[in-house]
Amino acid sequence: MPVTAQTHDDVTARPWCHAVSVARATTSPRAVPMALEAVHAGFPSVAQDYFSGDFSFDEHIIEHPDTTFIVTVAGDSMQGAGIWDGDLLVVDRSLTPEPGDVVVAVLDGELTVKRLLFQGSRPILHPENPRYPDFRPMDDEDLTIWGVVTGNFHPQSRGGPRSVDTPTPRQHTNGRGTAAPTPRHHPTRTTTGGIVRGDEPLTH
Amino acid sequence: MPGLTVLADANSFFASCETVFDPTLAGKPVVVLSNNDGCVVARSAKAKALGIANGTPWFKIRERARQDGVIARSSNYELYASLSARMMSVMRTYMPRQEIYSIDECFLHAPWNAARTAQASIRMREAVLTGVGIPVSVGIAPSKTLAKVANHWAKDHPQEHGVTVWPRADDVLITEALATIPVERVWGVGRRLTRTLQSMGILTALQLRDTDPVAIRRRFSVVLESTVLELRGLPCIPDQPAAADGERTTQILCSRMFSTPIEGFEGIGQALGLYAQRACHRLRRQHGLCSQVHAFCSTSPFDTDHHYLSLHGVSMLPDPSDDPITIGRAAYDAMRPHFDRHGRYIRAGVMLCGLVDADVFHTLDGLEAVRDDHHLGAVLDEVARRFGPARAGVGYAGIRGSGRHSGDTGAPWSMRRDMLSARCTTRWDEMAVVHAS
């Protein structure tokens, strides 16, 4: 991941590459390739061997792209885990859910985000907001875990994703006649960094 | 060639895809409808149990189906393609030499004995079910045709738990199974062949297997002879790795029905322009060039008040091309001289023929291919990727007219998909919602 950073250091540390960093400092980005060609006529650019594109945010946060889905959150019951209304969730379906994981579970046919806890061998779906009760499945009730949440993206005032509006589920599609999710509100409490992995200690 | 052939095929793929992001559909009768919500093209197990046949026009069974609690969905091609790609990619990690045969099935090669192949298949099946949410059935046999039969067997017999292993073609179990399978269900035996075979007294897969292959070749074809040999466990059908990627060696076809009839050349030109660009997109994806552009349109054969019209024109390109402007204009020019302005057209299409591989196309100096040197095609693809389809295009291309009527084409005649589910994996504004309440 830090390849490009190192590349830059390496390049600037070498005196014969000085022109590279000078060219980069100019205001016109188009000047870069021209400067490379002109200054180093007959001399290959060292930087080009090192640079093969910036690191990818997707690749960094998604370990299993085939089984990872991005969904959005509607509701405030997971605020204690740093998951806010309107956040994007990264959900990996290939992971085996373990106690303490934030999971997407199927409750009454609806996809729901909760923390998975256990009381002995009995699973509990625990909201991270004292205003909501725990969900304890009955003995004969199957609990379907849809996927394990590996992280969430919480947009800050200007750093949010480009024009992602909270989607309105089509009424006929979800077949449950629920209203559109509540509009995203911007909490006053801030969390650091884009990927939030819970800003409160786990309760297990 | 040692090893076994594995056929993995999703169960009711389109209906299963619909259930992934809408778990309320689990265990319910679900049908998926074709373009313009015309016919049933996929059914969940419950819908099959209700006796709904594939190809049934939706309007004929709509009332009855609603009473039975059947849930209908328009074809959500983007979702299906996305989940298919994920499913195929997961399976690729379990076995080598994947041949993707269609959107929901692939052949794999298992270089192991039967027990190990079965084990790997069970794990693969589990990984696709948990990781992507799609149930698949697996048939394992010495040849592709037998693997297909084994796959049907797995689907029809729940006690197989989704995996049927037939390691040896001479096994008694296989013989018994083949005796119960009607000949028309054998891969490669079409409806036309079925009738002739039946008239010869060949009614089951077993009878076909036990017919003399040489006689079959003389009476029918080498292809059907391979089927007989394959049923005997001799692999004869080679892999065609590129076919399911949409790679076509002879022609690329893009045609659609309209939700409302189009009258006049302006509307038809708009549709042709749009389809030419789509076909061109596929052509570029397979690094091809084309030398003929066909355009056609037709009125409804069921419209008894008007004459049935089916118009067709061809433009020959002076040099092979992958340029969307050249191809779009050729489609337009192909139709213009044949156009009848009195028709109410319900379908139009563009077909690219005379395909050559751009990488191997060389001519003398001065006789160059009309390539897309300005990279307009690449720019259009990028615009569509970033901003959605029909935001920019060549010519009419579906984005003109008063207001945008459809997110896909911008035009009022776009296909009707009234029961379309969210395109959860490809459109940001249709992302699945999980509830925190």
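Reader: At 11% relative accessibility, does Phe21(B) count as buried or exposed, and what is the cut-off?

Author: Phe21(B) counts as buried at 11% relative accessibility, because buried means under 20% relative accessible area. The model is predicted. Phe69(A) is buried too, with a relative accessible area of 1%.

Reader: How is a pair of aromatic rings described?

Author: By the distance of the centres and the angle of the planes. The count over all chains is 12 aromatic pairs. One of them joins Phe69(A) and Phe21(B), edge-to-face, with 5.5 Å centre to centre and 80° between the planes. This pair crosses between chains: Phe69(A) belongs to strand S1 (residues 68-74) of chain A, while Phe21(B) is in the loop between helix H1 (13-20) and strand S2 (30-33) of chain B.

Reader: Which residues do ring pairs link into a cluster?

Author: Phe265(B), Tyr332(B), Phe339(B) and Tyr345(B).

Reader: Over which ring does the charged end of Arg93(A) sit?

Author: Over the ring of Trp146(A), 4.7 Å from its centre. In chain B, Lys144(B) lies over the face of Phe107(B), 5.0 Å from the ring centre.

Reader: How many residues of chain B and chain A are in contact?

Author: 34 residues of chain B contact 39 residues of chain A. The two chains bury about 3000 Å² between them, and 57% of it is on carbon and sulfur atoms. On the chain B side, Val434(B), His435(B) and Ala436(B) lose the most area to chain A, together 24% of what that side buries.

Reader: What are the counts of salt bridges and of residue pairs in polar contact between the chains?

Author: Zero salt bridges, and 17 residue pairs in polar contact. H4(B) gives the most to the side of chain B that touches chain A, with four residues.

Terms used. Residues are numbered from 1 along each chain as its sequence is written. Chains are lettered from A and ligands numbered from 1 in the order in which they are written. This is a predicted model: local features need pLDDT of at least 70, side-chain atom pairs count only at pLDDT 80 or more; totals for chains, interfaces and linings use all residues. Side-chain values use heavy atoms; hydrogens and water are left out. Rings of Phe, Tyr and Trp (its six-membered ring) pair if their centres lie within 6.5 Å; planes under 30 degrees apart count as stacked, over 60 as edge-to-face and the rest as tilted. Helices (H or I, at least four residues) and strands (E, at least two) are DSSP runs, numbered from the N terminus. Buried means under 20% relative accessible area, exposed over 50%, partly exposed in between (1.4 Å probe, protein chains only). A charge sits over a ring if NZ of Lys or CZ of Arg is within 6 Å of the ring centre and within 35 degrees of the ring normal. Contact means heavy atoms within 4.5 Å. Buried area is the accessible area (1.4 Å probe) that two parts lose on being put together, summed over both. A salt bridge is a side-chain nitrogen of Lys or Arg within 4 Å of a carboxyl oxygen of Asp or Glu. A polar contact is a pair of N or O atoms within 3.5 Å; within protein, one must be able to donate a hydrogen and the other to accept it, and residues adjacent in sequence count only if both atoms are side-chain atoms.
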